[in-house]
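Me: I'm new to this one, so could you walk me through it? Let me put it up here first.
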Amino acid sequence: MPVREGTYGLLAEFDTPGELVRAAQTAYDSGYRRMDCYTPYPVEEAAEAIGFHRDNVSLICLIGGLLGLAAMFSMETWISVWGYPLNIGGRPYYSWVAFVIPAYEWTILWAGLSAAFGMLAVNGLPQLYHPLFNAPNFRNGATTDKFFLCLESIDPKYDAAESRVFLEGFKPVSVVEVEY
(Lines give C-alpha, C1' and ligand atoms only; values in the text may rest on other atoms or scores of the structure.)
Protein backbone atom coordinates (compact mmCIF):
# COMPACT_ATOMS: atom_id res chain seq x y z
CA MET A 1 0.00 0.00 0.00
CA PRO A 2 1.54 3.36 -0.97
CA VAL A 3 2.20 5.97 1.66
CA ARG A 4 -0.50 8.59 1.94
CA GLU A 5 0.71 12.04 1.13
CA GLY A 6 1.16 14.08 4.25
CA THR A 7 1.97 11.12 6.52
CA TYR A 8 5.16 11.47 8.52
CA GLY A 9 4.99 8.01 10.08
CA LEU A 10 3.66 5.89 12.91
CA LEU A 11 4.36 6.74 16.53
CA ALA A 12 4.21 4.03 19.20
CA GLU A 13 4.09 5.03 22.87
CA PHE A 14 5.65 2.84 25.58
CA ASP A 15 5.68 3.05 29.37
CA THR A 16 9.20 1.74 30.02
CA PRO A 17 12.56 2.11 28.29
CA GLY A 18 12.93 -1.67 28.16
CA GLU A 19 9.82 -2.00 25.99
CA LEU A 20 11.10 0.78 23.72
CA VAL A 21 14.51 -0.83 23.32
CA ARG A 22 12.98 -4.23 22.56
CA ALA A 23 10.65 -2.72 19.94
CA ALA A 24 13.43 -0.64 18.38
CA GLN A 25 15.82 -3.59 18.19
CA THR A 26 13.17 -5.81 16.60
CA ALA A 27 12.26 -3.08 14.11
CA TYR A 28 15.90 -2.64 13.15
CA ASP A 29 16.35 -6.41 12.80
CA SER A 30 13.21 -6.54 10.64
CA GLY A 31 14.69 -4.11 8.14
CA TYR A 32 13.39 -0.70 9.21
CA ARG A 33 16.11 1.93 8.94
CA ARG A 34 14.29 5.29 9.06
CA MET A 35 13.13 5.44 12.65
CA ASP A 36 13.87 7.36 15.80
CA CYS A 37 13.38 7.01 19.55
CA TYR A 38 12.20 9.85 21.76
CA THR A 39 12.77 9.63 25.50
CA PRO A 40 12.68 12.06 28.45
CA TYR A 41 16.29 11.15 29.31
CA PRO A 42 19.16 9.50 27.39
CA VAL A 43 18.70 5.78 26.80
CA GLU A 44 21.96 4.51 25.29
CA GLU A 45 20.50 1.09 24.51
CA ALA A 46 17.86 2.70 22.30
CA ALA A 47 20.51 4.52 20.28
CA GLU A 48 22.38 1.26 19.76
CA ALA A 49 19.15 -0.58 18.91
CA ILE A 50 18.26 1.73 16.00
CA GLY A 51 21.79 1.66 14.60
CA PHE A 52 22.72 5.20 15.55
CA HIS A 53 26.19 5.97 14.30
CA ARG A 54 28.71 8.49 15.47
CA ASP A 55 28.53 11.96 14.08
CA ASN A 56 31.31 14.01 12.55
CA VAL A 57 31.41 16.89 15.03
CA SER A 58 34.87 15.87 16.25
CA LEU A 59 36.19 15.94 12.68
CA ILE A 60 34.57 19.34 12.11
CA CYS A 61 36.20 20.58 15.33
CA LEU A 62 39.62 19.31 14.23
CA ILE A 63 39.34 20.92 10.80
CA GLY A 64 38.17 24.20 12.37
CA GLY A 65 41.12 24.20 14.77
CA LEU A 66 43.63 23.52 12.00
CA LEU A 67 42.11 26.27 9.87
CA GLY A 68 42.35 28.68 12.81
CA LEU A 69 46.00 27.76 13.33
CA ALA A 70 46.80 28.21 9.64
CA ALA A 71 44.84 31.46 9.41
CA MET A 72 46.57 33.10 12.37
CA PHE A 73 50.03 31.88 11.43
CA SER A 74 49.51 33.14 7.87
CA MET A 75 48.19 36.49 9.06
CA GLU A 76 51.10 37.00 11.47
CA THR A 77 53.59 36.02 8.81
CA TRP A 78 52.10 38.40 6.28
CA ILE A 79 52.00 41.28 8.77
CA SER A 80 55.55 40.79 10.05
CA VAL A 81 57.30 39.93 6.79
CA TRP A 82 55.45 41.64 3.93
CA GLY A 83 52.76 44.00 5.20
CA TYR A 84 54.48 46.01 7.93
CA PRO A 85 58.07 44.84 8.36
CA LEU A 86 59.74 46.47 11.35
CA ASN A 87 63.40 46.16 12.18
CA ILE A 88 63.38 46.12 15.97
CA GLY A 89 66.71 45.44 17.64
CA GLY A 90 68.09 43.61 14.61
CA ARG A 91 65.66 40.70 15.01
CA PRO A 92 64.55 38.82 11.89
CA TYR A 93 61.22 39.74 10.33
CA TYR A 94 60.02 36.15 10.44
CA SER A 95 60.24 35.18 14.12
CA TRP A 96 57.92 32.20 14.30
CA VAL A 97 58.41 31.70 18.04
CA ALA A 98 56.49 34.91 18.72
CA PHE A 99 53.63 33.60 16.56
CA VAL A 100 52.95 30.46 18.60
CA ILE A 101 50.80 31.88 21.42
CA PRO A 102 48.36 33.89 19.25
CA ALA A 103 48.12 31.01 16.78
CA TYR A 104 47.32 28.64 19.64
CA GLU A 105 44.58 30.98 20.86
CA TRP A 106 43.03 31.12 17.40
CA THR A 107 43.19 27.33 17.20
CA ILE A 108 41.12 27.10 20.38
CA LEU A 109 38.70 29.81 19.21
CA TRP A 110 38.09 28.31 15.78
CA ALA A 111 37.82 24.76 17.14
CA GLY A 112 35.21 25.84 19.66
CA LEU A 113 33.18 27.85 17.18
CA SER A 114 33.33 25.13 14.54
CA ALA A 115 32.26 22.54 17.13
CA ALA A 116 29.27 24.65 18.18
CA PHE A 117 28.11 25.54 14.66
CA GLY A 118 29.04 22.09 13.32
CA MET A 119 26.88 20.45 15.98
CA LEU A 120 23.96 22.67 15.03
CA ALA A 121 24.44 21.86 11.34
CA VAL A 122 24.81 18.11 11.85
CA ASN A 123 21.69 18.02 14.05
CA GLY A 124 19.69 20.08 11.57
CA LEU A 125 19.07 22.83 14.08
CA PRO A 126 17.40 25.20 14.58
CA GLN A 127 14.28 23.26 13.69
CA LEU A 128 11.28 25.35 14.55
CA TYR A 129 8.71 22.75 13.52
CA HIS A 130 8.60 18.97 13.70
CA PRO A 131 5.63 16.85 12.61
CA LEU A 132 5.65 14.88 15.87
CA PHE A 133 4.30 17.93 17.66
CA ASN A 134 1.03 17.17 15.84
CA ALA A 135 0.68 13.86 17.70
CA PRO A 136 -1.73 14.33 20.61
CA ASN A 137 0.22 12.24 23.14
CA PHE A 138 3.75 13.32 22.18
CA ARG A 139 3.79 16.88 23.44
CA ASN A 140 2.99 16.00 27.05
CA GLY A 141 4.64 12.61 27.39
CA ALA A 142 7.96 12.94 25.56
CA THR A 143 9.51 15.22 28.14
CA THR A 144 8.09 13.63 31.27
CA ASP A 145 7.57 9.89 31.48
CA LYS A 146 6.77 8.27 28.12
CA PHE A 147 8.98 6.58 25.52
CA PHE A 148 8.24 6.77 21.80
CA LEU A 149 9.33 4.91 18.69
CA CYS A 150 8.54 6.53 15.35
CA LEU A 151 8.73 4.59 12.10
CA GLU A 152 9.04 7.17 9.33
CA SER A 153 7.03 6.83 6.14
CA ILE A 154 10.07 7.46 3.91
CA ASP A 155 11.52 4.11 4.95
CA PRO A 156 11.48 1.67 2.00
CA LYS A 157 9.98 -1.07 4.19
CA TYR A 158 7.21 1.18 5.54
CA ASP A 159 3.65 0.19 4.76
CA ALA A 160 0.96 1.92 6.79
CA ALA A 161 -1.11 -1.18 7.53
CA GLU A 162 1.77 -3.64 7.98
CA SER A 163 3.80 -1.22 10.08
CA ARG A 164 0.81 -0.57 12.35
CA VAL A 165 0.32 -4.32 12.88
CA PHE A 166 4.06 -4.67 13.49
CA LEU A 167 4.06 -1.95 16.17
CA GLU A 168 0.87 -3.18 17.81
CA GLY A 169 2.55 -6.55 18.29
CA PHE A 170 4.69 -4.97 21.04
CA LYS A 171 1.58 -4.01 23.05
CA PRO A 172 2.30 -0.27 23.21
CA VAL A 173 0.08 2.18 25.04
CA SER A 174 -0.96 3.64 21.69
CA VAL A 175 -0.02 3.76 18.01
CA VAL A 176 -0.92 6.94 16.16
CA GLU A 177 -0.40 8.08 12.61
CA VAL A 178 1.50 11.36 12.48
CA GLU A 179 0.60 13.87 9.79
CA TYR A 180 2.89 16.56 8.40
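Me: Let's start with a proline. Where is Pro 126 found?
Reply: Pro 126 sits in the loop between H4 and H5. Helices (H or I, at least four residues) and strands (E, at least two) are DSSP runs, numbered from the N terminus.

Me: What kind of peptide bond joins Leu 125 and Pro 126?
Reply: A cis one, with omega at about 0°.

Me: Before we go on, what should I know about the model and the numbering?
Reply: It's a predicted model, where local features need pLDDT of at least 70 and side-chain atom pairs count only at pLDDT 80 or more, while totals for chains, interfaces and linings use all residues. Residues are numbered from 1 along each chain as its sequence is written, and side-chain values use heavy atoms, with hydrogens and water left out.

Me: OK, big picture. How many helices and strands are there?
Reply: The protein has 6 helices and 4 strands. Starting at the N terminus, the order is β-α-β-α-α-α-α-β-α-β.

Me: What's the radius of gyration, next to that of a compact globule?
Reply: The protein has 26 Å, whereas a compact globule of 180 residues would be near 16 Å. That radius is taken over C-alpha atoms, and the globule rule is 2.2 Å times the number of residues to the power 0.38.

Me: And what box do the C-alpha atoms fill?
Reply: Roughly 85 × 30 × 30 Å, taken along the principal axes.

Me: Where does Thr 143 lie? And is Thr 143 buried or exposed?
Reply: Thr 143 is in the loop between H5 and S3. Thr 143 counts as exposed, at 62% relative accessibility. Buried means under 20% relative accessible area, exposed over 50%, and partly exposed in between (1.4 Å probe, protein chains only).

Me: What share of the 180 residues counts as buried?
Reply: 35% of them.

Me: Switching to salt bridges. How many does the count come to?
Reply: The count comes to 4. A salt bridge here is a side-chain nitrogen of Lys or Arg within 4 Å of a carboxyl oxygen of Asp or Glu. One of them pairs Lys 146 with Asp 15, at 2.7 Å from N to O.

Me: Which parts does that pair tie together?
Reply: Lys 146 is in the loop between helix H5 (138-141) and strand S3 (147-152), while Asp 15 is in the loop between strand S1 (7-14) and helix H1 (17-29), so the pair ties together parts that are 131 residues apart in sequence. Asp 15 itself is partly exposed, at 40% relative accessibility. Glu 13 comes in too, as Glu 13, Asp 15 and Lys 146 are linked in a network of salt bridges.

Me: What does Glu 152 form a salt bridge with?
Reply: With Arg 34, the closest N and O atoms being 3.2 Å apart. Glu 152 lies in strand S3 and Arg 34 in the loop between H1 and strand S2 (35-38), so this pair ties together parts that are 118 residues apart in sequence. Glu 152 is buried at 10% relative accessible area, whereas Arg 34 is partly exposed at 40%.

Me: How far apart in helix H6 are Glu 168 and Arg 164?
Reply: They are 4 residues apart in helix H6 (residues 160-168), about one helical turn.

Me: Last one: what's the phi of Lys 171?
Reply: Positive, about 55°, although Lys 171 is not a glycine. You'll find Lys 171 in the loop between H6 and strand S4 (174-179), and Lys 171 is exposed, with a relative accessible area of 69%.
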